[in-house]
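Hello,

Here is the structure I promised to pass on. Please have a look, then read my notes below.

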Amino acid sequence: MPKGKQILAKNAEKRVFGTAKVGEKGQIVIPKEAREAFGIESGDTMLIFGDISCGIVITKLDVLNKTANEIIEKIKENK
């Protein structure tokens, strides 16, 4: 099996998609299987945040926007 292409867990909701090397410009390639599973397409804006002790999280900006809108709606409902 080629390097970086292994799917290390078969659980449809939670799995490791493999590895990605950091290039000279700090870029990584998100494995195809992960892009397909999360609907990531060329041109999508990704949000990158993290904590020194916990690591880095990469998510689609749309996911965070949806969550923020849900929180705002719940706040409005409770007023």
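Burial first: a residue is called buried under 20% relative accessible area, exposed over 50%, and partly exposed in between (1.4 Å probe, protein chains only). D44 is partly exposed, with a relative accessible area of 30%. The model is predicted, so local features need pLDDT of at least 70, side-chain atom pairs count only at pLDDT 80 or more, and totals for chains, interfaces and linings use all residues. Numbering starts from 1 along each chain as its sequence is written, and side-chain values use heavy atoms, with hydrogens and water left out.

Layout

The chain has 2 helices and 2 strands. Both kinds of element are DSSP runs numbered from the N terminus: helices are H or I with at least four residues, strands are E with at least two. From the N terminus on, the order is α-β-β-α. The chain has 79 residues, and 9% of them count as buried. Take contacts next, meaning heavy atoms within 4.5 Å. Among those between residues at least 6 apart in sequence, 6% join residues at least 24 apart.

Salt bridges

How many salt bridges does the structure hold? There are 3. The criterion is a side-chain nitrogen of Lys or Arg within 4 Å of a carboxyl oxygen of Asp or Glu.

Two partners sit in helix α1 (residues 32-38): E36 and K32, 4 residues apart, about one turn of the helix. Their closest N and O atoms are 3.9 Å apart. E36 is exposed at 56% relative accessible area. K32 is partly exposed at 47%.

Helix α2 (residues 61-77) holds E73 and K76, 3 residues apart and separated by about one helical turn. Their side chains meet in a salt bridge, 3.9 Å from N to O. E73 is partly exposed, with a relative accessible area of 41%. K76 is exposed, at 52%.

The side chains of K60 and D44 form another salt bridge, with 3.7 Å from N to O. This pair links distant parts of the chain, 16 residues apart: K60 lies in strand β2 (residues 55-60), and D44 in the loop between α1 and β1 (46-51).

A closer look at K60

Is K60 buried or exposed? K60 is buried, because its relative accessible area of 17% falls under the 20% limit. A polar atom of the K60 side chain lies 2.8 Å from the backbone oxygen of G39. For reference, a polar contact is a pair of N or O atoms within 3.5 Å; within protein, one must be able to donate a hydrogen and the other to accept it, and residues adjacent in sequence count only if both atoms are side-chain atoms. Leaving out residues up to four places away in sequence, K60 touches F38, G39, I40, D44, T45 and M46.

The largest pocket

Its volume is about 590 Å³. On a 1 Å grid over the protein atoms alone, a pocket is an open set of points where a 1.4 Å probe fits, with protein on both sides within 12 Å along at least five of seven lines; lining residues have an atom within 4 Å of a point. Grid points are joined across faces, edges and corners, and the volume is the space filled by probe spheres set on the points.

The lining has 25 residues, and the closest to the pocket centre are I28, I30, P31, A34 and I58. α1, β1 and β2 each supply at least two lining residues. Which element gives the most? That is β2, with 4 residues. By class, the lining has 16 nonpolar, 5 polar and 4 charged residues. Ala, Val, Leu, Ile, Met, Phe, Trp, Tyr, Cys and Pro count as nonpolar, Asp, Glu, Lys and Arg as charged, and the others, Gly among them, as polar.

Best wishes
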